[in-house]
Amino acid sequence: MASVLELPFEDGTFDYVYSIGCLHHTGNLLKSIQEVHRVLVPGGRAVVMLYNRHSLRRLVYGLRSFVRRGQSLDDEMRGLYDAHESGEPAPHTDFVSRAQVKGLFRDFARVRIDVQNFDGYHPLGIKREWFLSNIARVVGLDLYIVADKAS
């Protein structure tokens, strides 16, 4: 077992690194991305999914949280996105914007960011699938990053 914050691999070990829904729970997102970069071969590719700070879900719950003046939005969001079987939220979750992703992946030569996925939140009973190819591309739950290390 290893931590992505200190990967037990030499520099330039992997052609591809995939991380879907993990790095934003490390407590040090920048360090985890730097480790991914370090273990990639020159010309290697990372595919990473991080939670979108500007998703419709965060907007809706942010407004609710503001009106109720209850727990912080990030505390509430941690429980909505990832919870233990007991219902306890993940100890740490980062939510990032596209601009933040550009900074976090600054060591990579090319970075593409796609917004994807849509919440099951539909107060009018509208099907989630109707949003996946349109509004989800703007305010979806997840940021999918494809980042290429320089050759």
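Here are some notes on the predicted model shown above.

1. Ground rules. This is a predicted model in which local features need pLDDT of at least 70 and side-chain atom pairs count only at pLDDT 80 or more, while totals for chains, interfaces and linings use all residues. Residues are numbered from 1 along each chain as its sequence is written, and side-chain values use heavy atoms, with hydrogens and water left out.

2. Overall layout. The protein chain has five helices and five strands, and reading along the sequence gives β-α-β-α-α-β-α-β-α-β. Helices (H or I, at least four residues) and strands (E, at least two) are DSSP runs, numbered from the N terminus.

3. Burial and surface. Of the 151 residues in the protein chain, 38% are buried. Buried means under 20% relative accessible area, exposed means over 50%, and partly exposed is in between (1.4 Å probe, protein chains only). The accessible surface of the chain is about 8,900 Å², with 54% of that belonging to carbon and sulfur atoms; these areas come from the Shrake-Rupley method with a 1.4 Å probe, and for residues only the protein chains shown count as cover.

4. Contacts along the chain. Take the contacts (heavy atoms within 4.5 Å) with a separation of 6 or more: 70% of them are between residues 24 or more positions apart.

5. The core. The largest nonpolar core has 21 residues, and Leu 50, Val 101, Phe 105, Phe 108 and Ile 145 have the most contacts inside it. Two or more residues each come from helix H1 (29-39), strand S2 (40-52), helix H4 (98-104), strand S4 (110-116) and strand S5 (142-148). A core here is a set of buried Ala, Val, Leu, Ile, Met, Phe, Trp, Tyr and Cys residues joined through side-chain atoms within 4.5 Å.

6. Aromatic pairs. The whole structure has four of them. Rings of Phe, Tyr and Trp (its six-membered ring) pair if their centres lie within 6.5 Å; planes under 30 degrees apart count as stacked, over 60 as edge-to-face and the rest as tilted. Tyr 16 and Tyr 18 are stacked because their ring centres are 6.2 Å apart and their planes at 15 degrees; both residues are exposed. Phe 105 and Phe 108 have centres 5.5 Å apart and planes at 45 degrees, so that pair is tilted.

7. A closer look at Phe 108. Phe 108 is buried, at 7% relative accessible area, and Phe 105 is buried at 1%. Leaving out residues up to four places away in sequence, Phe 108 touches several residues, including Ile 33, Val 36, Leu 40 and Ala 147.

8. Ser 19. This residue sits in strand S1 (residues 14-20). Ser 19 is buried, with 7% relative accessible area, and touches Val 47, Val 48 and Met 49, again not counting residues up to four places away in sequence.
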